[in-house]
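This report describes how one protein chain is put together, from its overall order of elements to single side chains. The sequence and the structure come first, and the description follows.

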Amino acid sequence: STDDINQKIFQAAGSDIKTIFDSEYERNPKSIMISTPSGRLKCQRIFFIKWNPYGNRIQLHQAVADFIWNLIQNMMAYNFNSV
């Protein structure tokens, strides 16, 4: 589940990242994306994007397209050239 994946990311990145995530979520719980520093991970930023992949095949196709679109838009906004 998404919560399990997030917990593994927080464990790998460090407790500071969980604190930052919680603070950002509390400030804007309806946000589609929360961006945090990378902590102990070897990347520039961590993007937590809300995504619900469940549903029928058409909904899944749209959910994947929306997820990729959000990812690309934020990558461009931060001037990143890889994911």
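Read along the sequence, the chain follows the pattern α-α-β-β-α, with three helices and two strands, where helices (H or I, at least four residues) and strands (E, at least two) are DSSP runs numbered from the N terminus. The model is predicted, so that local features need pLDDT of at least 70 and side-chain atom pairs count only at pLDDT 80 or more, whereas totals for chains, interfaces and linings use all residues. Residues are numbered from 1 along each chain as its sequence is written, and side-chain values use heavy atoms, with hydrogens and water left out.

Along its principal axes, the C-alpha trace spans about 40 × 30 × 25 Å. The accessible surface of the chain comes to about 6,500 Å², of which 55% belongs to carbon and sulfur atoms; accessible areas come from the Shrake-Rupley method with a 1.4 Å probe, and for residues only the protein chains shown count as cover. Of the 83 residues, 24% are buried, a term that stands for under 20% relative accessible area, with exposed meaning over 50% and partly exposed in between (1.4 Å probe, protein chains only). Among contacts (heavy atoms within 4.5 Å) between residues at least 6 apart in sequence, 35% join residues at least 24 apart.

The largest nonpolar core consists of seven residues, namely Phe10, Ala13, Ile17, Phe21, Ile34, Ile46 and Phe48. Helix H1 (2–13), helix H2 (15–27) and strand S2 (45–49) each supply at least two residues of this core. A nonpolar core is a set of buried Ala, Val, Leu, Ile, Met, Phe, Trp, Tyr and Cys residues joined through side-chain atoms within 4.5 Å. In soluble globular proteins, nonpolar side chains tend to be buried together.

Phe48, found in strand S2, counts as buried because its relative accessibility is 8%, and, not counting residues up to four places away in sequence, Phe48 touches Asn6, Ile9, Phe10, Phe21, Ile32, Met33, Ile34 and Thr36. With the same exclusion of residues up to four places away, Ile17 touches Phe10, Thr36, Pro37, Ser38, Gly39 and Ile46.

In helix H1, the buried residues are Asn6, Phe10 and Ala13. They cover an arc of only 75° around the axis, which puts them on the same side of H1; the arc is that of the directions from the helix axis to the C-beta atoms. These buried residues pack against H2 and S2, while Ile5, Lys8 and Gln11 are exposed on the other side of H1. Just after H1, Gly14 takes a positive phi of about 115°.

Helix H3 (residues 57–77) has 21 residues and reaches 30 Å from its first C-alpha to its last, close to the 30 Å expected at 1.5 Å a residue, the expected span being 1.5 Å times one less than the number of residues. Its buried residues are Ala63, Leu71, Asn74 and Met75. Seen down the axis of H3, these residues fall within an arc of 105°, so they line one face of the helix. Their cover includes strand S1 (33–37) and S2, whereas Ile58, His61, Trp69, Met76 and Ala77 are exposed on the other side of H3.

Ser35, in strand S1, is buried, with a relative accessible area of 13%, and Asn74, in helix H3, is buried at 17%. Leaving aside neighbours within four places in sequence, Asn74 is in contact with Met33 and Phe47. The polar pairs are listed below; a polar contact is a pair of N or O atoms within 3.5 Å, of which, within protein, one must be able to donate a hydrogen and the other to accept it, and residues adjacent in sequence count only if both atoms are side-chain atoms.

| Pair | Atoms | Distance |
|---|---|---|
| Ser35 and Arg45 | side chains of Ser35 and Arg45 | 2.9 Å |
| Ser35 and Tyr78 | side chains of Ser35 and Tyr78 | 3.3 Å |
| Asn56 and Ile58 | side-chain oxygen of Asn56, backbone nitrogen of Ile58 | 3.0 Å |

In the segment after H3 lies Asn79, which has a positive phi of about 60° although it is not a glycine. Most residues other than glycine have a negative phi. Asn79 counts as exposed because its relative accessibility is 68%.
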